[in-house]
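Subject: Structure for you to look at

Hello,

Here is the structure I said I would pass on. My notes on its aromatic rings follow below.

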Amino acid sequence: MRRIIGTVAILLLICFLVQANYSKDADAKPYSEHSTAAKTGLVTGSVFSSAVYAPIKLAYAVLGGITSGLTYGVTLGKEAEAASNIAVSAFYGDWYIHPDVLTGEQTLYFSGPKETSR
């Protein structure tokens, strides 16, 4: 059973990554304009893809937080802006996959902005 779940999760991740690389030539409807059955499918796809995506995002955020803390500590606070940029990049961004991402209406942002304005 574990092997089947793992295989399905890997296939879903591969399908998501492949479709994210194609250009958005089609005029897709936003989530709100779909039928009830289509909305159900989009929500189901969103839940399953978020179940794979969220732990990866969490690991990225944790590693970004550790890296940010180490950057601040090793430089004795002299590179606080660099540490802040690392933390913002790691913690911000999308934490789940919205159905509009699956329709192509929104873009999925894995990380936050690279530079913070002060």
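Aromatic rings and a lysine

Lysine 57 has its charged end over the ring of phenylalanine 110, 5.3 Å from the ring centre. Lysine 57 also lies over the face of tryptophan 95, at 5.3 Å from the centre of that ring. Please keep in mind that this is a predicted model.

I then turned to contacts between rings. Searching the whole structure gives two aromatic pairs. In one of them, tyrosine 53 and phenylalanine 110 have ring centres 5.8 Å apart and planes at 75°; over 60 degrees counts as edge-to-face, so that is what this pair is. Tyrosine 53 belongs to helix H2 (residues 36-74), while phenylalanine 110 is in the segment after helix H4 (99-103), so the pair ties together parts that are 57 residues apart in sequence. Tyrosine 53 counts as buried, at 8% relative accessibility. Phenylalanine 110 is partly exposed, its relative accessible area being 31%.

The other pair is formed by tyrosine 60 and phenylalanine 110, with ring centres 4.7 Å apart. Their planes are at 45°, so the pair is tilted. Here too the link runs from helix H2, where tyrosine 60 lies, to the segment after H4, which holds phenylalanine 110; the two parts tied together are 50 residues apart in sequence. Tyrosine 60 is partly exposed, with 30% relative accessible area.

Taken together, the ring pairs join Tyr53, Tyr60 and Phe110 into a cluster.

Regards

Definitions and conventions. Residues numbered from 1 in each chain as written. Predicted model: local features only at pLDDT ≥ 70, side-chain atom pairs only at ≥ 80, totals over all residues. Heavy atoms only, no water. Phe/Tyr/Trp six-rings, centres within 6.5 Å; stacked < 30°, edge-to-face > 60°. Helix = DSSP H or I, 4+ residues; strand = E, 2+ residues; numbered from the N terminus. Buried < 20%, exposed > 50% of the residue type's maximum accessible area, 1.4 Å probe, protein only. Lys NZ or Arg CZ within 6 Å of the ring centre and 35° of its normal.
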